[in-house]
Amino acid sequence: MVREVSESCMDSLLTEIVSSYCNRFYANKPELAARRIEAIGYQVGHQLSERYTIERPRFTDHLEAIKFICKDFWSELFKKQIDNLKTNHRDNKFRWLSRMSGDPSEISGAAQDPSTMSENKAAQATGMHLYFPCGIIRGALSTLGIPCAVSADISNLPACSFVVRIKV
Amino acid sequence: MAPVVPRSGDAIFANVERVNSELFTLTYGAIVRQLLTDLEEVEEVNKQLDQMGYNIGIRLIDEFLAKSNVTRCVDFRETAEVIAKVGFKMFLGVTASVTNWDAEGTCCSLILDDNPLVDFVELPDTCQGLYYCNILSGVVRGALEMVSMKTEITWIRDMLRGDDAFELQVKLLKQVPEEYPYKDDE
């Protein structure tokens, strides 16, 4: 029986760390805050990837590794399926789609209406949250021998795309 | 109409959305590690973990009240039991026990033998003085403040420092009279 905690524990922890870095430790320095949040994700991705692959043979190619991260790894972690994986071999770019958790109207409202300061912060926070899963993906793939850069695209909420650019 | 019965921690936990605790444990560990790098001083990290916990606790109480059907606790003894058996269970999936009551019934200890935050965690020697689980003290303090109880919370035992359990002392300082929870200007 796998040990579990409530999803709200995870959500609260993430919301709070994003808030702490954005509003307290690196207030007015969103790029620094973003890098720290991504670094936290990276550490998590690295450790999880090591654990999940301890009994598995090494992956034969990049696509296999990415598929593993997309399917088994991701759904173990987030209990959600990746909806779609598109590859762009020429640019070594992969794009995943995933449903974002949380109230879609709340999130899209924040992202589309930057008219007030507090809503700007909310939009920023939505984007900031995503540095964490981006870091996880980058950490996991790097550990599998695939150095990459990962970014999130939220122009189509509640769908969220993760774009993985492999470094050659 | 039948009275609303408070739900047990097990029942609530079985009905909430849950995640793999490994993700939670690793995330918390990565956070503490990052805070140590960025803030450098162990005391500062302790302080920030407590502050983060407080910010979480003042919100988590809403979910607790909504899901547990707990009505007002008769006294602090009942409050402590509810935190230990329902609160910890519905979020962390583990129950705590309550002991070491003082004569007035305003101070007790919450004991955790099992703590998902610390699975596979070992503290290096460079972290002397770190209260790794300090976020928990903040959460309890924040949650109780939202139900009108001002408390002082201290770590008595810490398994990461070699003790045999986690013991959190909760001291009730002040119980403010009940206010209407929703202000008119909100």
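## Starting at B:Thr79

Setting aside neighbours within four places in sequence, B:Thr79 is in contact (heavy atoms within 4.5 Å) with B:Cys73, B:Leu144 and B:Met149. B:Thr79 sits in helix 4 of chain B, residues 76-92; helices here are DSSP runs of H or I with at least four residues, strands are E runs of at least two, and both are numbered from the N terminus. At 6% relative accessibility, B:Thr79 counts as buried, since buried means under 20% relative accessible area, exposed over 50%, and partly exposed in between (1.4 Å probe, protein chains only).

A quick note on the model: it is predicted, so local features need pLDDT of at least 70 and side-chain atom pairs count only at pLDDT 80 or more, while totals for chains, interfaces and linings use all residues. Residues are numbered from 1 along each chain as its sequence is written, chains are lettered from A and ligands numbered from 1 in the order written, and side-chain values use heavy atoms, with hydrogens and water left out.

## Where the chains meet

On the chain B side, 39 residues are in contact with 33 residues of chain A. About 3,300 Å² is buried between the two, 62% of it from carbon and sulfur atoms; buried area is the accessible area (1.4 Å probe) that two parts lose on being put together, summed over both. In chain B, B:Val19, B:Leu23 and B:Leu26 lose the most area to chain A, together 20% of what that side buries.

## Salt bridges

A salt bridge puts a side-chain nitrogen of Lys or Arg within 4 Å of a carboxyl oxygen of Asp or Glu.

A:Arg3 pairs with B:Asp119 at 2.9 Å, N to O. That pair crosses between chains, running from the segment before strand 1 (4-6) of chain A to the loop between strand 3 (107-112) and helix 5 (134-146) of chain B. A:Arg3 is partly exposed at 25% relative accessibility, and B:Asp119 is partly exposed at 21%. A:Arg3 also forms a salt bridge with B:Asp114, with the closest N and O atoms 2.8 Å apart.

Within chain B, B:Lys89 and B:Asp10 meet at 3.3 Å, N to O. B:Lys89 lies in helix 4 and B:Asp10 in helix 1 (residues 9-15), so this pair ties together parts that are 79 residues apart in sequence. B:Lys89 is buried, with a relative accessible area of 15%.
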